[in-house]
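Have the model open in your viewer as you read.

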Amino acid sequence: MEKEIIDWIYEAGAKIKAALKQDALQVVHKSGRTDIVTNVDKEIQDFLVSKIKAFDPSAKILGEENGQDTTPIDQGRVFVIDPIDGTLNFVYQKENFCIMIAVYEDGVGQLGFIYDVMRDDLYWGGPKVNAVYHNKQQLQPPKNKQLEEGLLGVGMPVYTNNYHYTKDIGVRTMGVRVLGCAGLDFIAILKGTQIGYLSSLSPWDYAAGKVMMDQFGMPTCGVDFQPLSFSGREYFMGLTPAAMEQAKAYKD
């Protein structure tokens with residue numbers, strides 16, 4: 001299965017690059033000024049869904065676009081798709097965005113894929129392959145650093161409003177970073193250049209990253225350190241084990 005998914009991701013990436021080269025973006029505002037979607041987001045999700053359905057007609061889809069955002073995660077095989085994670089970056093920077101796909105079986109993550117399209121960097125893995133890879137090179141788990149020993153990725157709204165003590169936790173670190181793309185934050189965690197990520201996310205924003213963090217024994221959770229719900233937007237916390245233990249001091 002992983003070989004097929006990797007092929008789909010590379011093909012989707014080529015389609016995105018072609019759309020950028022042709023300057024063919026059509027931008028639509030959704031819930032607000034900074035909540036946007038493009039024709040390419042929708043086209044890439046349709047492309048990936050068509051590949052998934054041809055590969056496994058019984059598979060279910062949980063995805064950001066095209067009305068596929070309420071599928072339960074715990075009923076059979078579910079592909080979780082974010083066709084373009086970091087759409088604002090995609091539109092305004094033409095880089096710093098990712099394609100993300102995760103595969104869950106009865107609620108348990110089996111495979112995660114995060115593809116940094118413009119850098120041609122693919123991070124993927126999970127229990128099904130018992131490893132995490134950067135392209136074809138197997139990665140080792142990052143060092144188990146405490147809050148004071150590393151950088152922390154954050155979402156701007158949860159940080160500025162100190163939502164669930166995000167700012168209090170952030171000031172204990174060496175500094176916070178706002179990348180505007182959850183996939184890039186997860187890549188930084190897997191590489192060991194960030195100790196974690198705190199933000200408000202939807203399932204397609206965190207599903208792939210969570211699979212690979214789980215594989216590395218790195219904890220993730222929602223509000224008050226409860227399990228993530230995979231239902232709608234929610235608070236997300238993913239940290240090294242040592243940093244997570246420190247963060248628990250800030251529980252409401």
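## Cavities

On a 1 Å grid over the protein atoms alone, a cavity is a set of points where a 1.4 Å probe fits but cannot get out, and its lining residues have an atom within 4 Å of a point. The model is a predicted one, in which local features need pLDDT of at least 70, side-chain atom pairs count only at pLDDT 80 or more, and totals for chains, interfaces and linings use all residues. Residues are numbered from 1 along each chain as its sequence is written, and side-chain values use heavy atoms, with hydrogens and water left out.

The second largest cavity holds about 40 Å³ of space. Its lining is made up of Pro142, Lys143, Lys145, Ile189, Gly192, Gln194, Ile195, Met218 and Thr240.

For the largest cavity, the volume is about 90 Å³. Among its 14 lining residues, His164, Asp224, Phe225, Tyr235 and Met237 are the closest to the centre.

## Nonpolar cores

A nonpolar core is a set of buried Ala, Val, Leu, Ile, Met, Phe, Trp, Tyr and Cys residues joined through side-chain atoms within 4.5 Å; buried means under 20% relative accessible area (1.4 Å probe, protein chains only). The largest such core has 34 residues, of which Ile5, Ile16, Leu48, Phe79, Phe90 and Phe113 touch the most other members. Helix 1 gives the largest share, eight residues (helices are DSSP runs of H or I, at least four residues, numbered from the N terminus).

Beyond its neighbours within four places in sequence, Ile5 has contacts (heavy atoms within 4.5 Å) with Phe79, Ile101, Val103 and Phe113. A second, separate core has 33 residues, including Phe186, Tyr197, Val211 and Leu228.

Terms used
Buried means under 20% relative accessible area, exposed over 50%, partly exposed in between (1.4 Å probe, protein chains only). Helices (H or I, at least four residues) and strands (E, at least two) are DSSP runs, numbered from the N terminus. On a 1 Å grid over the protein atoms alone, a cavity is a set of points where a 1.4 Å probe fits but cannot get out, and a pocket is an open set with protein on both sides within 12 Å along at least five of seven lines; lining residues have an atom within 4 Å of a point. Grid points are joined across faces, edges and corners, and a volume is the space filled by probe spheres set on the points.
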